[in-house]
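Me: Hi! Could you walk me through this structure, one question at a time?

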Amino acid sequence: MKKVCIVFRHSPYGTTTTREGIDFALLSASFEQQVSLVFCDEAVLHLLPNQQATLAGSKDYVSVFKAFDLYEIDTVLACKQSLETLGINQHELAIDVQIAEAVAISAALADADEVLVF
Amino acid sequence: MILHHIQTSTSHDNALRLCLRYISPGDSIILTADAVNVLLYPDLIILLAAIPIYILKDDVEARGLRSKLTTIRNIEINLIDEHEFVYQTLRHNKVITW
């Protein structure tokens, strides 16, 4: 069993990288890997409610975020600095995530066996 | 001890700045492909001053930037080839490709 940390740093729908990363995260979790997720930079926009992916010509891969705990993905961090930069408060977010200082995210990166960035 | 691998230029990707936000003491950075262009930005060079920096020789020479290396002050840049790159990936606990 490996500790896999997956970092998302791109904004929703402009590219498919995040969706690929989410698929990878869910797959790893279902193969009993200990998965933690980090949302930073514009990837924190994935955490906003009322998104309509189809309007952007994209599959709706954000609604699956509500199932993270079903997949036993309990560690979901959102970069505090990125949220502040974009003027987003925690209570606006669609799912409950841990708001993390940069140093907490550094610790998560160091603690994981593997880190992949999407 | 993490080796942070940056492959893109700061002119169109935030990878390097993001890496610098989360880098821990003892980590290193390796710059390949367009990321070697960092050499041309004095304000970025200052940010890298306290971090061991590796740059892939071929990617620098491919872009004719070898001469630029010599004009860079207050930073120690390790110009390395692929073999040294592999060695560094093994020397560190893991690699993060941003």
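Here is a chat about the two chains and how they meet.

Me: Before we start, what should I keep in mind?
Reply: This is a predicted model, where local features need pLDDT of at least 70, side-chain atom pairs count only at pLDDT 80 or more, and totals for chains, interfaces and linings use all residues. Residues are numbered from 1 along each chain as its sequence is written, chains are lettered from A and ligands numbered from 1 in the order in which they are written, and side-chain values use heavy atoms, with hydrogens and water left out.

Me: Thanks! How many residues of chain A are in contact with chain B?
Reply: On chain A there are 18, and they touch 14 residues of chain B; contact means heavy atoms within 4.5 Å.

Me: And what area is buried between chain A and chain B?
Reply: About 1,200 Å², with carbon and sulfur atoms giving 56% of that. Buried area here is the accessible area (1.4 Å probe) that two parts lose on being put together, summed over both. A:R9, A:D41 and A:L109 supply 38% of what chain A buries against chain B, more than any other three residues.

Me: How many salt bridges are there between chain A and chain B?
Reply: Two, counting a side-chain nitrogen of Lys or Arg within 4 Å of a carboxyl oxygen of Asp or Glu. In one of them A:D41 pairs with B:R21, and their closest N and O atoms are 3.0 Å apart.

Me: Which element gives the most to the side of chain A that touches chain B?
Reply: That's α3(A), with five residues. Helices (H or I, at least four residues) and strands (E, at least two) are DSSP runs, numbered from the N terminus.

Me: New topic: what pattern does chain B follow along the sequence?
Reply: It reads β-α-β-α-β-α-α-β-α-β, with five helices and five strands.

Me: How much of chain B is buried?
Reply: Of its 98 residues, 47% are buried; that means under 20% relative accessible area, with exposed being over 50% and partly exposed in between (1.4 Å probe, protein chains only).

Me: Is B:N93 buried or exposed?
Reply: B:N93 counts as exposed because its relative accessibility is 61%. B:N93 sits in the loop between α5 (82-91) and β5 (94-97) of chain B.

Me: How far is B:N93 from B:S67?
Reply: Their C-alpha atoms are separated by 33 Å, and the two residues are 26 apart along the chain.
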